[in-house]
Amino acid sequence: MRILGIESSCDETGVAVLDVEPSGEAHIVGECLASQVALHEKYGGVVPELASREHMRNLPLLLEELFSKSGVTLKEIDGIGVTCGPGLKGCLLIGVTFAQGLAAARQVPLFPVNHIEGHILSGELHTPGLKPPYIALVVSGGHTEILLVEGLGKYSCLCRTRDDAAGEAFDKSANLLGLNYPGGARLAATAEQAAGRRSRFTLPRVGREMEDFSFSGLKTAVLLLIKKNRELLDSDPTAMAEICWTIQDAIVDALVVKVVREVQKRGLPLVVCGGVSANTELRRRLQAKCPEVHVPPLRHCVDNGAMIAYVAGRYLAAGAQPPRLNIHSRWPVETLSASSPVTA
Ligand code: KG4
Ligand code: ZN
C-alpha cells in the first residue's frame, strides 16, 4: 500500500510517502521536513500559535515538494496517516484538517496515528526482521518511558518518569546555561567537545535505585552547580564543555541504568527512539551494554512524516478500519491496546 504520512504535532512539519507491505517491510518513496528552529529560536522555545501558523503555511508547500521530488501523485495514494496526538492541539488540528481535505478529495482511508507509536515503530521501519517482543526506550521532549512492545498497538509501560522528561532535562539545563533553543542538541554538541576528558564538575547520580525515572531533582542540582561556578563558566570555554558533559552524563546514566536492568531481566532486543535517541553518548553506552540495540538513523530520531506513514500503513495493511478521528494533547500509547482495531 502506498501511504502518505503527515506530522505536525510540535515544531517540525513532516510529510512522507511509503510503500508498506503486510509483512511490515516498507520502502520510503520520498520525504520532506520543514524545521521551525529559526522561527522559535528568538523566543527561547516553541510558541504554539506561531508553530500552528507555520504548519499551515508549510504543509501545502511540502506536499508539492514531496510529489515533485518523488514523482508520486495524489492519485497513487492508497491511504493517509496523520498525527492526532500527543502534541500541541492547535498544531495537531492543522495537520488533521489538511489530511481530512486530501482524504475526502481522494476517497481514501485516513488513519489517526499516535506520535509515540510512530517513534516506537521507527525501529521496525529501519530493521527488516525485527519483530515484537522487544523493549522500547522512548525518550523525547515530553516522554520518557521504557515499554514492552508485544505487537502492533500492544504496549505496556515498565518504567516512566515521575516528573520531567529526559529531553526536558536536557532543554532546561541548556536554558540554565544560556544555550538557546533547541537547547538539548546544543548541550549535547558542546558536551562532545569534552568527551574523554576528566570533568572538574560533579552531579549526584539521580534515582539509580528508584523504580521510576525522575529528573526534577537533577534540574535543581544543575542550577546550584551553575550558580557556584558562574565566574569560571563565563571565563573558561573548556569549563562550559565540561559542565555540559557532566549534565549529559547524569541524564544518560539515569536512562542507561534502568534500560540495562530491563534488557538483562527479559533478554529482549532494545529499540531506542524519540528526539533524545539522537544523543551520541546514550547510543554509545547502550550499544556497549546491551547485546541487540536498534536506533533509527538520525533524521528519523526526531519528528518526521515517515514514521507516521509507517504506522498508518501497518494498521491499514493488517486490515484495520480507521478508528474515529480526534485530536489529543495527551494520548498514552499504553491505552492503544484497549481500543486497538488490530488483534494480531
Ligand atoms: O521526539 P522529538 O523530536 O520531539 C518530541 O516529540 O518531543 O524530541 C525532542 C527532544 C528535545 O527535548 C531535544 O532537546 C531532544 O529531543 N534532543 C536531544 C538531542 N537532539 C534532540 N537531546 C539530547 N541530545 C541530542 N543530541
Ligand atoms: Zn517526537
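A polar contact is taken as a pair of N or O atoms within 3.5 Å; within protein, one atom must be able to donate a hydrogen and the other to accept it, and residues adjacent in sequence count only if both atoms are side-chain atoms. In the side chain of N304, a polar atom lies 2.9 Å from the backbone oxygen of V302. A polar atom of the N304 side chain also lies 2.9 Å from the backbone nitrogen of M307. N304 is placed in the loop between strand 10 and helix 11 (305–317), where helices (H or I, at least four residues) and strands (E, at least two) are DSSP runs numbered from the N terminus. With a relative accessible area of 3%, N304 is buried; buried denotes under 20% relative accessible area, exposed over 50%, and partly exposed the range in between (1.4 Å probe, protein chains only).

The model is predicted, and local features were required to have pLDDT of at least 70, side-chain atom pairs pLDDT 80 or more, whereas totals for chains, interfaces and linings use all residues. Residues are numbered from 1 along each chain as its sequence is written, chains are lettered from A and ligands numbered from 1 in the order in which they are written, and side-chain values use heavy atoms, with hydrogens and water left out.

A backbone N or O atom of G275 is 3.0 Å from an oxygen atom of the ligand. For H115, an N or O atom in the side chain lies 3.2 Å from an oxygen atom of ligand 1, and for D303 a side-chain N or O atom is likewise 3.2 Å from an oxygen atom of ligand 1. Taken alone, ligand 1 exposes 550 Å², of which the protein buries 83%; accessible areas come from the Shrake-Rupley method with a 1.4 Å probe, and for residues only the protein chains shown count as cover.

Helix 9 comprises residues 237–266. At 1.5 Å a residue, its 30 residues should span 44 Å, and the end C-alpha atoms are 43 Å apart, which agrees; the expected span is 1.5 Å times one less than the number of residues. T246 is placed in helix 9 and is buried, with a relative accessible area of 6%. The C-alpha atoms of T246 and S199 are separated by 6.8 Å, although the two residues stand 47 residues apart along the chain. Helix 9 is followed by G267, whose phi is positive, near 60°.

Backbone geometry in the loops was also considered. The peptide bond from G85 to P86 is cis, with omega near -15°, and P86 is found in the loop between strand 4 (79–85) and helix 3 (89–106). A cis peptide bond also runs from P132 to P133, with omega near 5°; P133 lies in the loop between helix 4 and strand 6 (134–139). Q107, although not a glycine, has a positive phi of about 55°. Q107 is located in the loop between helix 3 and strand 5 (110–114) and counts as exposed, at 68% relative accessibility. C290, in the loop between helix 10 (280–289) and strand 10 (293–294), is buried, with a relative accessible area of 5%.
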